[in-house]
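Biologist: I'm new to this one. Can you put the structure up and walk me through a few parts?

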Amino acid sequence: SGALVHDFGSHLHSSLPLGVDIDPTWSRALSWGGAMTMRLWDLQQGISMRTLYDNTSMKVSGMLVDWPSGRAISWGTERWLQLWDLESSMCRELRGHNTAVLGVRAAWSRHRAVSWGEEDIFFWDLLSGGAEHSLRDIPGVRLCSIDPDWARALVSCGSGTLRLWDWDSEGSVVHLDLPLAMTGTPESLVDWDLARGLSWDLQSGTLCLWNDLGPCQNHRVPGLAAVHASWSLDTAVTWSVQNLELQVQLWDVGRKVNRLRMRDTHASGTVRAGNDLEVEVDWPRRRALSWGRRHAALHLWDLAAGTVAHELQGHAAEVHGLRVDWELDRALSWSFHDSSLRLWDLEHGAPLRAMRREAVGAFGVQVDWGQNCVLSWTMHRCFSNDNSYTLEYWDLGRDEPARVLNGHTDVVKGAVMASEKARFCHRAMPAEALGCSPGKSLGGSASADLSERLLASYVSGNLDGLVAKYHAMLRAMPLGVPFSGGALRVSGEPVPSGGTYVPMEDSHGRVRLIMYGTASTRGAPSAMSAPVCSALAESNSSALWVENAGWFGLTAMALARPQDYQTGYGPLPLPAPVACRCEYASVLLGTNDAMLIAGSDAFVHVNYVDSKMPDFPRLPADWKARSRPSPELYERSLKIIVRELTAAGTRVALLTPPPLGEELEDAPPSERHVQRPPFRVVTELAGAVQRVAASEGCDVLPLFECCTHLLRQRLAAGRQLIPWSPKVMFELQRHCGSVRQSGEVRSWDEIAPDLALSHDMVHMNETCASIYAALVQSWLDAQITCM
């Protein structure tokens, strides 16, 4: 709708705010201006929370922010970086550059950063604040790409040379110089898996394919304006401008034999452009969206045909920026000259709405598609008496402006945004992670209030009786309820192994609940997990009918599109959420998503691409390009699931996923097959659940928060917590499997008594499952008066 939510009026920068960054897990933003001041904002209330003062002479030109750890890096006109603690407002200076810093990249989970100036580049340890490696006296140096393990980097030089820079604990070395036939500083895309790259120089129009042995093939593309590549598809696409006419070229990029061959070239015929072209590409659907600063229209391309599918017209003058949400087929563009932001429907090539700023002049924009909101800020002074240096917080779901943050006295250089509920989760207690103390209302949505009340009840002990009831029930059925053996499943019964989703018996007038989840929802006797669905069905047998939709290896993206994921038996047979015929649905996903995000690529490939488990939904072979798991993909998939269930008339409760292992902090990965701290990953997924619930109007059940509270109690009592890793997980699974095969009938709590929530780091024991059941029961009690 283009609603303006806030105009922030108390920013005390002595210069215009030039940038904004947005926290994806809470309603906060960090903005920075040109004159040594940064400010932390509360976007919900429209007030300044904290000011970060720089006592040096540096004018800040850029920042990177890591909201989960509460850290930020700033840089600007001086020869150092500043590492900030956003909670204490303290900073540490990282010194070593001989010139002003021009750019920075950071790997927060690895506590590493790379920065570069006009003639040097540094590799930093963010824990010690020291420079581990550096390259000096290289005019025009710039970081092009860094490999996922942060062990190698590709550096470009002003002389048209590329350097492959390796480092390890023993030091660093440049082991490959690639002199390219280019007159400027080359830009590059790198395929680190196959040690190859594509480099280009817009000034000379040169396109070069190379590998770790040296340059392979050069091509001259007159008027070269933009380059994109998909390594998984072995395809590149270039745009060039000749006689003001835009042309597109498709290239084959050889995998076994390094070669670069033009496959097709197409002239647009009608699209006029300059050499300032910008392009975003949607490789899975072979589409691209282009824009430039010399014309007011956007162009959506069909790359397979090399033609323009839609021309998007609406801006009165040239377009200065664009962001695309390919998942939901929409884009946001903006123009300084008509002071407008425009939202577009890409599927139909039509405008959705236009938003106009009161302030004039150049402005910056950051979009949070998951929250359906936008921040904009003034970046350039137009008139000497114009003091409209604002940050605007736009809600894309409303028709009128809602909030403007007014009061900057000069331009804003940047800002960062956040959503509703998470704090610095690695430091916060569970109740604080929801934004308030136990028992205190959030004053927000009904779903937030319910989540807060349930957490407060658990922390205060008010849920102890219900948890104990389900704990006793689950320990009394360690092998689950035997299969009925009929053509239809009874209430609570899991799907038997074999790749077929066995339908359910008639509900006979009972309230219908479908429980989507992983093996922890599926439960015994199908899975090595406590039978939570069977316990809920037995406890409410006269009033509730439970459809157990738990599935091995299930992820949010697979449930969002089950027809696109293959198992060893064929397509994933789970019914799509839109086909749901139940009044209520609980959705607990995230354990497999967390392992995919936290685990190494090798772990993902062995267990989710070439899985030996026939029921597991497989990732596609080109998953790195098409569907690399991430918190963002998890959130988008959850949103699709909730929307489909809601469209079917179902009331939905999302559960925040339980911890992966027993960590309570962002410890550095302890095994080579762990690439991100599991606790941080699950914290991010829990934040995504909260955001989806807030935006889609469903309920949240705080399983993650209750479980971390229990873990903190164990830690305070002197019990050792065991972190997750593939090695430990597989060892525990072999142990548990051998106990079950021996014929011993023991509960999961008894089989692995040293573990609090799971006997194998992923599947629920009776302790965790009883919390799960109590939360679902409490939610249903609040919804269904007959229970």
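Modeller: We can take a helix, a residue in a strand, and then some paired strands.

Modeller: This is a predicted model, where local features need pLDDT of at least 70, side-chain atom pairs count only at pLDDT 80 or more, and totals for chains, interfaces and linings use all residues. Residues are numbered from 1 along each chain as its sequence is written, and side-chain values use heavy atoms, leaving out hydrogens and water.

Biologist: How many residues of helix α5 are buried?

Modeller: 6 of the 8 in α5 (residues 532-539) are, so the rest of the structure largely encloses this helix. Buried means under 20% relative accessible area with a 1.4 Å probe, protein chains only. Helices (H or I, at least four residues) and strands (E, at least two) are DSSP runs, numbered from the N terminus.

Biologist: What covers them?

Modeller: The cover includes α3 (464-475), β39 (511-517), α4 (519-522), β40 (544-550) and α15 (766-783).

Biologist: Asn548 next. Where does it lie?

Modeller: Asn548 is in strand β40, and counts as buried because its relative accessibility is 0%. Its contacts (heavy atoms within 4.5 Å), not counting residues up to four places away in sequence, include Cys533, Thr521 and Met515. A polar atom of the Asn548 side chain lies 3.0 Å from the backbone oxygen of Arg522.

Biologist: Switching topic: which strand is joined to β22?

Modeller: β23, antiparallel, through 6 bridges; strands pair if DSSP finds at least two bridges between them. Ala229 stands opposite Ala236 of β23.

Biologist: And how many bridges join β23 to β24?

Modeller: There are 8, again in an antiparallel arrangement. In that hairpin, with 2 residues between the strands, Asn243 takes a positive phi near 55°.

Definitions and conventions
Buried < 20%, exposed > 50% of the residue type's maximum accessible area, 1.4 Å probe, protein only. Polar contact = N/O pair within 3.5 Å; in protein donor to acceptor, adjacent residues only side chain to side chain.
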